[in-house]
Each structure stands twice: as C-alpha cells, then as structure tokens.
Amino acid sequence: MHGPAMSGWLLMALCAMTGAYCLLRTRSETGEGRRTARAEALMGFGMAAMAVPAAVVTPPVWGWAVYAVLFGAASLRALWFSRHSRHHLHHLVGSSAMVYMALAMSPGAGGAHGEHGGHTGHAVVATAGGIPLLTGLLLAYYAVYVLRSGARLIPVAATAGGGGGPVGGGWGAWPELALACRLTMGIAMFAMLLTL
C-alpha cells in the first residue's frame, strides 16, 4: 500500500479488529447472518494483510497471486449467495475490488508494491495504480456506501437508548456494532483505493 507507514499500520490494526469482531459474530449468528459475518471477517483480515506497509514488510512475490485467487473465490461465493440476499452483492463488489487491488499492486503490474521494492523505473506506467476509470468507479461506490452506512448507523445508535445492552445476548445482538464494522471496512476500502 502506498503512503506513510504509520497510516498503513493503523489501517491494518483497524481492519484486523473489525475482522476479529466479525469472526466473533459467527458464533451467535445462524444461517444468512453467519454467512455474512464470515464474508465480512474474511474481508477484514484480507484488508488488514494488504494494508501492511510494503516499505516495512515486503510481501512475497507470490502473495499477490494468493490474494487474487482467494478473493476471486470469495467473489464467486458472493455471486452464488446473492440469489438469497442483496447484501452479498456488496460482498461481490468488495471481493472483486480486492482482486483488482492485488493485481494492481503486484510487482509485475508496476503498481505500488513494485515501487516500494526499489523498482521505480518501470516502463509500464499506464498500469501503475490500476485503471483510473475503474479505480474512480470503485471510489465513487465506496463513498456512497460509507455515507449510506453512516446515515443508517445514526438512527440505530439513537434508538439503542445510550447504553442499553444487547437485545438477545451474544456478539450478534449488537446491530450497531455490525453496522459500524461495515462502515469501518467501507472507509478502509476507500482509503486503500485512494493510495493505490
């Protein structure tokens, strides 16, 4: 990821904590809620791994291919489950964006990782940072998603009664935390796309 190392570490920590919460939610959710929590946990941990500053920890060359294959499979899974829930369409966009970023950041693409590795004289400038139109579309999608999620979070927090606990017990009983995690991952994805 491009940018200062400190912001990369903070983004990594935020995404890892979000992924951990989503993983905890899988214990109390069932059916569709559990599938959603698993997909969000994978996204959080994947974003955390991708956010590690390349100037500090250089991922192996094959690591980007692993990201692309893993999130390619997650995209197919999200496409399959989108028949039952529209929220999986968002997971499809997120997983596809992760594949796109992995390909754009791979050393052979001349992306940000290649620059951090000391190879600043790439002949392939057009692919550095990805395809501008696609990056712009993804940035627009995540900007709208973040604004919508933030607007939906405000009424949930207001009706929670300021300190009322979970409704039915367990990690999944805090609807405002699940929304906050989705908002956090949307902001993190926006930030990662900006630094691509």
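A pocket, as the word is used here, is an open set of grid points where a 1.4 Å probe fits, with protein on both sides within 12 Å along at least five of seven lines, and its lining residues have an atom within 4 Å of a point. With that in hand, welcome to a quick tour of this predicted model. The second largest pocket has R86, H87, L89, H90, V93, Y141, Y145, R148, R152 and R182 as its lining.

**Second largest pocket**
- Helix 4 and helix 6 are the elements that each give two or more residues to the lining of the second largest pocket.
- The space in the second largest pocket comes to about 220 Å³.
- Sorted by class, the lining of the second largest pocket holds four charged, four nonpolar and two polar residues.

- H90 sits in helix 4, which covers residues 87-105.
- Is H90 buried or exposed? With a relative accessible area of 13%, H90 is buried, because buried means under 20%.
- Leaving aside residues up to four places away in sequence, H90 touches Y141, Y142 and Y145.

**Largest pocket**
- The largest pocket holds about 280 Å³ of space.
- Its lining is made of 22 residues, and A39, E40, M43, H91 and S95 are the ones that lie nearest the centre of the largest pocket.
- Helix 2, helix 3 (63-81), helix 4, helix 6 (132-159) and helix 7 each bring at least two residues to the lining of the largest pocket.
- Helix 3 supplies the largest share of that lining, with six residues.
- The lining of the largest pocket is 13 nonpolar, six polar and three charged residues by class.

**Helix 1**
- Helix 1 runs over residues 5-28, and its 24 residues should span 34 Å at 1.5 Å a residue; the end C-alpha atoms are 36 Å apart, which agrees.
- The buried residues of helix 1 are G8, L11, C15, T18, G19, Y21, C22, R25 and T26.
- Helix 2 (32-51) and helix 7 (175-194) are among the elements that cover these buried residues of helix 1.

- C15 counts as buried because its relative accessibility is 1%.
- C22 is in no disulfide, and the nearest cysteine sulfur, that of C181, is 4.5 Å away. A disulfide calls for sulfur atoms within 2.5 Å.
- How many disulfides does the model have by this rule? The count comes to zero.
- At 0% relative accessibility, C22 also counts as buried.

Notes. Residues numbered from 1 in each chain as written. Predicted model: local features only at pLDDT ≥ 70, side-chain atom pairs only at ≥ 80, totals over all residues. Heavy atoms only, no water. Buried < 20%, exposed > 50% of the residue type's maximum accessible area, 1.4 Å probe, protein only. Helix = DSSP H or I, 4+ residues; strand = E, 2+ residues; numbered from the N terminus. Contact = heavy atoms within 4.5 Å. Expected span 1.5 Å × (residues − 1). 1 Å grid on protein atoms, 1.4 Å probe; cavity = no way out; pocket = protein on both sides within 12 Å on 5 of 7 lines; lining within 4 Å. Points joined across faces, edges and corners; volume = space filled by probe spheres on them. Nonpolar A, V, L, I, M, F, W, Y, C, P; charged D, E, K, R; others polar.
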